[in-house]
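Hello,

Here is the structure I promised to pass on.

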Amino acid sequence: MELCYACDTAGDRVAKAAPRPGDGPDAPDVLTMRDFAMLERFARLRLQPDDPAAQALLEKLDKARILHVETIAADIATLGSRVVFSVDDGRPEARVLVLPAQHAAAGWTLPVTAPRGMALLGRAAGAVVSAARHDGATERLHVLDVIHQPEAAAATAAAVMRGEGDRPGRPALPHPAPWPALHRTWPVAPRRPRDGSAPEPG
């Protein structure tokens, strides 16, 4: 299977970089308040209390560090993020982290209730984490890159709308010219009397 361009470039760029402090397997997951609320509601209302996925998800939420949407770093894997990762130092692959109801059979999404999805959620680019396999063994996941994060995309769009550019260091977009005044006076043709005589002046 041909490797996607994002996976290939992310692997070349990040594989040689040393993990940042706090990205180790014992570092707390970082979640937005929005994701925390959605995941807690899903775990308590959509899953059975004795479901292993519900128990693991609630445990993850209990230990997570919760941040406002505006303050989370752009390289943190949140719900809806497209994450590039490798399994046991294998070939990079990209998946979008979603809730089970949004999972697509085509294979480009990864539910956060699956072991890999749960391990990636809340982790930063450069982190190395472990996930359980179906046979009971453990596999090693390396987060190579977060190439799309909904929170970062929304912040960029808001900055563009404010005319601040779409990334640091980019000049601000020019403000549009003001709309013309709506009370502009247009010339009016002289009225012709009903008896057919010459038009009235002015």
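A residue counts as buried when its relative accessible area is under 20%, as exposed when over 50%, and as partly exposed in between. Keep that cut-off in mind for R123. Its relative accessibility is 8%, so R123 counts as buried. Please note that this is a predicted model.

**R123**

R123 lies in the loop between α4 (115-120) and β6 (128-132). Where does the side chain of R123 reach? It goes to the backbone oxygen of A27, at 3.1 Å. So we have an arginine that counts as buried, at 8%, with its side chain at a backbone oxygen.

**The chain as a whole**

The chain has 202 residues, and 36% of them count as buried. There are 5 helices and 7 strands. Along the sequence, the order is α-β-α-α-β-β-β-β-α-β-β-α. Take the contacts in the chain with a separation of 6 or more: 56% of them come from residues 24 or more positions apart.

**Helices α2 and α3**

Two packed helices are described by the angle between their axes and the distance between the axes. Here are both values for this pair. Helix α2 covers residues 33-45, and helix α3 covers residues 52-63. Their axes come within 9 Å and cross at roughly 150 degrees. Angles over 145 degrees count as roughly antiparallel, so α2 is roughly antiparallel to α3. The crossing of α2 past α3 is left-handed.

Which residues make the contact? On α2 they are F36, L39, E40, F42, A43 and R44. On α3 they are A54, L57, L58 and L61. By class, this contact has 8 nonpolar residues, 2 charged ones and no polar ones.

Two further residues of α2 are worth a look.

- D35 sits in helix α2. Its relative accessibility is 0%, so D35 counts as buried. Leaving aside neighbours within four places in sequence, D35 is in contact with T78, L79 and E151.
- A37 is also found in helix α2. At 42% relative accessibility, A37 counts as partly exposed. A37 and L61 are 24 residues apart along the chain, and their C-alpha atoms are separated by 9.5 Å.

So is D35 buried or exposed? It is buried, at 0% relative accessibility.

**Strand β2: R65**

R65 is in strand β2, which spans residues 65-67. R65 and D29 are 36 residues apart in sequence. In space, their C-alpha atoms are 6.0 Å apart. R65 is in contact with D29, and also with V30 and L31, when neighbours within four places in sequence are set aside.

**Strand β5: P111**

P111 is in strand β5, residues 109-111. Its relative accessibility is 14%, so P111 counts as buried. What does P111 touch? Not counting residues up to four places away in sequence, P111 touches V98, P100, H103, G117 and M118. P111 and L79 are 32 residues apart in sequence, and 9.5 Å apart in space from C-alpha to C-alpha. L79 came up above as well, as one of the contacts of D35.

**The loop between β3 and β4**

D88 is found in the loop between β3 (82-87) and β4 (93-98). D89 is in the loop between β3 and β4 too. D89 is not a glycine either, and has a positive phi of about 60 degrees.

D89 is at 59% relative accessibility, so D89 counts as exposed.

**Where to start**

1. Helices α2 and α3, for the left-handed crossing.

Best wishes

Technical notes:
Residues numbered from 1 in each chain as written. Predicted model: local features only at pLDDT ≥ 70, side-chain atom pairs only at ≥ 80, totals over all residues. Heavy atoms only, no water. Axes fitted to C-alpha atoms, helices over the stretch in contact; angles between N-to-C directions. Helix = DSSP H or I, 4+ residues; strand = E, 2+ residues; numbered from the N terminus. Parallel < 35°, antiparallel > 145°, perpendicular 65-115°, else oblique. Left-handed = near helix turned anticlockwise from the far one by under 90°. Contact = heavy atoms within 4.5 Å. Nonpolar A, V, L, I, M, F, W, Y, C, P; charged D, E, K, R; others polar. Buried < 20%, exposed > 50% of the residue type's maximum accessible area, 1.4 Å probe, protein only. Polar contact = N/O pair within 3.5 Å; in protein donor to acceptor, adjacent residues only side chain to side chain.
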